[in-house]
Amino acid sequence: MKLRIFTEPQQGATYDDLLTVAQATERLGFDAFFRSDHYQRIGPGDPGPGPTDAWVTLAGLARETSRIRLGTLVSPATFRLPGPLAISVAQVDQMSGGRVELGFGTGWYDGEHSAYGIPFPPVGERFGRFEEQLEIITGLWTAEKSYSFEGSYYRLADSPALPKPVQRPRPPVIIGGFGAKRTPRLAATYADEYNVPFHTPAETGEAFARVRRACEETGRGLKYSVAQTTVVGADRTEVERRAAAVGHDPAQGLCGTPAEVLEQIGKYAELGAELVYLQILDLHDIEHLELIAAEVLPHVG
């Protein structure tokens with residue numbers, strides 16, 4: 001099992017904050033640095049310096065790291081047209097030497113859409129656009145010559161399908177969520193990894209099973225992963241202090257001493273999870289990452 005650091009910079013972080021965390025992620029031996037893709041703080045509180053763009057951030061980090069994987073969990077299909085997004089991700093893949101992964105979703109937070117003038121269609125249309133974007137983006141990356149597409153929402157005519165990513169046939173695509181019908185089908189058709197965020201082991205097992213059944217129909221195999229808010233402390237006092245600092249309920253997520261968190265991670269490993277995204281909310285607490293790297297990371301994988 002591999003551990004990945006997952007950040008939520010819309011809650012208040014600059015590029016320099018993210019750079020510090022990403023470089024610590026690499027130095028300490030974690031597998032990857034991922035970030036959310038949001039343009040507005042979620043929930044009440046100080047908006048801090050405001051948002052940073054996910055793919056601009058990852059482009060910068062691609063040049064300032066050398067080993068770790070880099071990606072989004074997840075980029076909304078509502079934010080960008082599929083052709084330009086395919087270009088951006090392929091370019092960052094080139095800039096990183098082939099270390100990029102695209103976590104991709106329908107978009108859900110209507111407040112950030114209205115705040116920045118981004119259309120937010122009804123959920124049925126969002127899924128329709130999402131599916132067409134998946135086909136277009138993966139098609140552009142893998143096309144050997146020109147690429148054309150005719151759908152209900154998008155039309156591409158004789159695209160040169162350039163630039164190409166370094167990773168062949170393409171960068172990994174991650175689809176997440178807990179949906180019972182459309183999500184398993186789309187994951188089994190287009191994704192390389194299926195992610196269940198912020199659910200109990202029992203719920204996660206149900207979601208994994210649905211996607212495995214869908215994969216039987218498509219004949220494709222996927223990696224399975226989870227994302228959980230993570231708070232680790234050397235003792236109960238430190239756990240409670242770190243949880244209070246980010247407003248997190250210590251009874252939720254991966255929360256506790258290293259031994260307790262290892263036991264919690266083990267429950268997801270039993271379900272077949274190969275990757276765990278540790279959602280770290282306090283980006284200034286590098287000692288937190290150091291503790292996880294020293295006391296948790298060596299005992300997984």
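Trainee: Which residue lies over the face of Phe 127?

Mentor: Good place to start, and keep in mind that we are looking at a predicted model. Over the face of the Phe 127 ring, at 4.0 Å from its centre, you will find Arg 182.

Trainee: And which residue lies over the face of Tyr 224?

Mentor: Tyr 224 is a buried residue, with a relative accessible area of 6%. Over the face of Tyr 224, 4.5 Å from the ring centre, lies Arg 212.

Trainee: Tyr 224 also has an aromatic partner, Tyr 194, so to speak; how many residues apart are the two?

Mentor: Tyr 194 and Tyr 224 pair edge-to-face, with 6.4 Å between centres and 80° between the planes. Tyr 194 belongs to strand β9 and Tyr 224 to strand β10 (residues 223-232). The pair links distant parts of the chain, and the separation is 30 residues.

Trainee: Is Tyr 194 buried or exposed?

Mentor: The cut-off for buried is under 20% relative accessible area. Tyr 194 has 1% relative accessibility, so Tyr 194 counts as buried.

Trainee: How many aromatic pairs does a search of the whole structure find?

Mentor: One of them is the pair of Tyr 39 and Phe 79, which is stacked, at 4.5 Å centre to centre and 15° between the planes. Tyr 39 sits in the loop between β2 (32-35) and α2 (54-64), while Phe 79 sits in the loop between β4 (75-76) and α3 (82-96). For the whole structure, the search gives eight aromatic pairs.

Trainee: Let's turn to the largest nonpolar core. Which element gives the most to this core?

Mentor: In soluble globular proteins, nonpolar side chains tend to be buried together. The largest nonpolar core here has 76 residues, and Leu 3, Phe 30, Trp 55, Tyr 194 and Leu 278 touch the most other members. With seven residues, the element that gives the most to this core is α5.

Trainee: How many residues make up the second, separate core?

Mentor: Its members include Ala 32, Leu 73, Leu 275 and Tyr 277. The size of this second core is eight residues.

Trainee: Where is Ile 265 found?

Mentor: Ile 265 counts as buried, at 2% relative accessibility. Leaving aside neighbours within four places in sequence, Ile 265 is in contact with Met 1, Leu 3, Leu 254, Val 276, Val 296 and Val 300. Ile 265 is found in helix α9 (residues 258-270).

Trainee: Which side chain makes a polar contact with the side chain of Thr 229?

Mentor: Thr 229 has its place in strand β10 and counts as buried, at 11% relative accessibility. Leaving aside neighbours within four places in sequence, its contacts include Phe 198, His 248 and Leu 281. The polar contact, at 2.4 Å, is with the side chain of Gln 279.

Trainee: Last one: which elements are included in what covers the buried residues of α6?

Mentor: In helix α6 (residues 182-190), the buried residues are Thr 183, Pro 184, Leu 186, Ala 187, Ala 188 and Tyr 190. Their cover includes α5 (123-142), β8 (173-176), β9 (193-197) and α7 (201-218).

How values were computed:
Residues are numbered from 1 along each chain as its sequence is written. This is a predicted model: local features need pLDDT of at least 70, side-chain atom pairs count only at pLDDT 80 or more; totals for chains, interfaces and linings use all residues. Side-chain values use heavy atoms; hydrogens and water are left out. Buried means under 20% relative accessible area, exposed over 50%, partly exposed in between (1.4 Å probe, protein chains only). Helices (H or I, at least four residues) and strands (E, at least two) are DSSP runs, numbered from the N terminus. Contact means heavy atoms within 4.5 Å. A nonpolar core is a set of buried Ala, Val, Leu, Ile, Met, Phe, Trp, Tyr and Cys residues joined through side-chain atoms within 4.5 Å. Rings of Phe, Tyr and Trp (its six-membered ring) pair if their centres lie within 6.5 Å; planes under 30 degrees apart count as stacked, over 60 as edge-to-face and the rest as tilted. A charge sits over a ring if NZ of Lys or CZ of Arg is within 6 Å of the ring centre and within 35 degrees of the ring normal. A polar contact is a pair of N or O atoms within 3.5 Å; within protein, one must be able to donate a hydrogen and the other to accept it, and residues adjacent in sequence count only if both atoms are side-chain atoms.
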